Amino acid sequence: MDLLYGATSAVRNVEFSLGRGRIAAITGQSGSGKSSLLYCLAGVLPVSSGEVQFDGRSLGSLNDEELSTLRRERFGFVFQYGELLPELTVEENAALPLWLAGKRKAEALAVAGEILGRLGLSDLRKRRPSQVSGGQSQRVAVARALVHRPAVVFADEPTGSLDSGNATAVLEEFLNLARSQGTAVVLVTHDNQVAHRADDCYVMCDGVLTTQVRETS
Ligand SMILES: Nc1ncnc2c1ncn2[C@@H]1O[C@H](COP(=O)(O)OP(=O)(O)O)[C@@H](O)[C@H]1O
Ligand SMILES: [Mg+2]
């Protein structure tokens, strides 16, 4: 697949596939096209050529409603810059995908509360996004992306503003979901520690994705 922004070729001739329960890490310099690739894989942006398939169906063959339902119910996305809803509390933000899927509010909040607890955010449940730190809101965004146990999680530098303890807690959530639910995880990261735990490692350079052979250590 390819993605062009006008004359800029952000993703070039990329072939990528990921099976159930696997975690892929993508590293690469700033501007190399990592976020653009995630947007294409998650159906946030349509590809300029080629196609993206999920469960044997091409995302390009879905209408807007089918695509948004797929993204809402089967995918989870952690954006590079958080993007919580400012008018909702931390727990409401984290529970949103369940709520949208029709779960009762109390039930949705209870499930969200468990993940928030594992990410060390229990005390912040009732706060608004404006009342928590950057690293805390990043963890809320992780909780929101995982709360509905999606088939695929796309995470754009989800540990970028976290200290190593919190980065580990986030990584454990991804690993647990992959192992227990068969969730596939695509993780853009600068953190070698995180990349090291992935099943497959890739490097992006000028829009081109290459497989990284891992040094054993
Ligand atoms: N909306 C946009 N319009 C035009 N060019 C863009 C847009 N978003 C990103 N780019 C360009 O596409 C390339 C890849 O960007 P990006 O995917 O954000 O890289 P990364 O996430 O690896 O830092 C860069 O050259 C960037 O300037
Ligand atoms: Mg990026």
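A polar side-chain atom of serine 36 lies 2.5 Å from an oxygen atom of ligand 1. This is a polar contact (a pair of N or O atoms within 3.5 Å). The model is predicted: local features need pLDDT of at least 70, side-chain atom pairs count only at pLDDT 80 or more, and totals for chains, interfaces and linings use all residues. Residues are numbered from 1 along each chain as its sequence is written, ligands are numbered from 1 in the order in which they are written, and side-chain values use heavy atoms, without hydrogens and water.

Stay with ligand 1. Serine 35 places a polar side-chain atom 2.9 Å from an oxygen atom of ligand 1. Glycine 31 uses its backbone: an N or O atom there lies 2.6 Å from a ligand oxygen. Taken alone, ligand 1 exposes 560 Å², and the protein buries 57% of that. These accessible areas come from the Shrake-Rupley method with a 1.4 Å probe.

Which residues surround ligand 1? They are Tyr5, Ala10, Gln29, Ser30, Gly31, Ser32, Gly33, Lys34, Ser35 and Ser36. Each has a heavy atom within 4 Å of the ligand. The shell has two nonpolar, seven polar and one charged residues, with Gly counted as polar. Helix α1 (residues 34-41) gives the largest share of this shell, three residues. Helices here are DSSP runs of H or I with at least four residues, and strands are runs of E with at least two.

A pocket is an open set of points on a 1 Å grid where a 1.4 Å probe fits, with protein on both sides within 12 Å along at least five of seven lines; lining residues have an atom within 4 Å of a point. Of the 28 lining residues, Leu18, Gln53, Phe54, Asp55 and Val152 are the closest to the centre of the largest pocket. Strands β4 (53-54), β7 (152-156) and β8 (184-188) each give two or more residues to this lining.

The second largest pocket has a volume of about 400 Å³. Its lining has 16 residues, and Arg71, Phe77, Phe79, Pro97 and Arg144 lie nearest its centre.

Phe79 also belongs to an aromatic pair, with Tyr39. Rings pair if their centres lie within 6.5 Å; planes under 30 degrees apart count as stacked, over 60 as edge-to-face and the rest as tilted. Tyrosine 39 sits in helix α1 and phenylalanine 79 in the loop between β6 and α3, 40 residues apart.

Terms used
A polar contact is a pair of N or O atoms within 3.5 Å; within protein, one must be able to donate a hydrogen and the other to accept it, and residues adjacent in sequence count only if both atoms are side-chain atoms. Grid points are joined across faces, edges and corners, and a volume is the space filled by probe spheres set on the points. Rings of Phe, Tyr and Trp (its six-membered ring) pair if their centres lie within 6.5 Å; planes under 30 degrees apart count as stacked, over 60 as edge-to-face and the rest as tilted.
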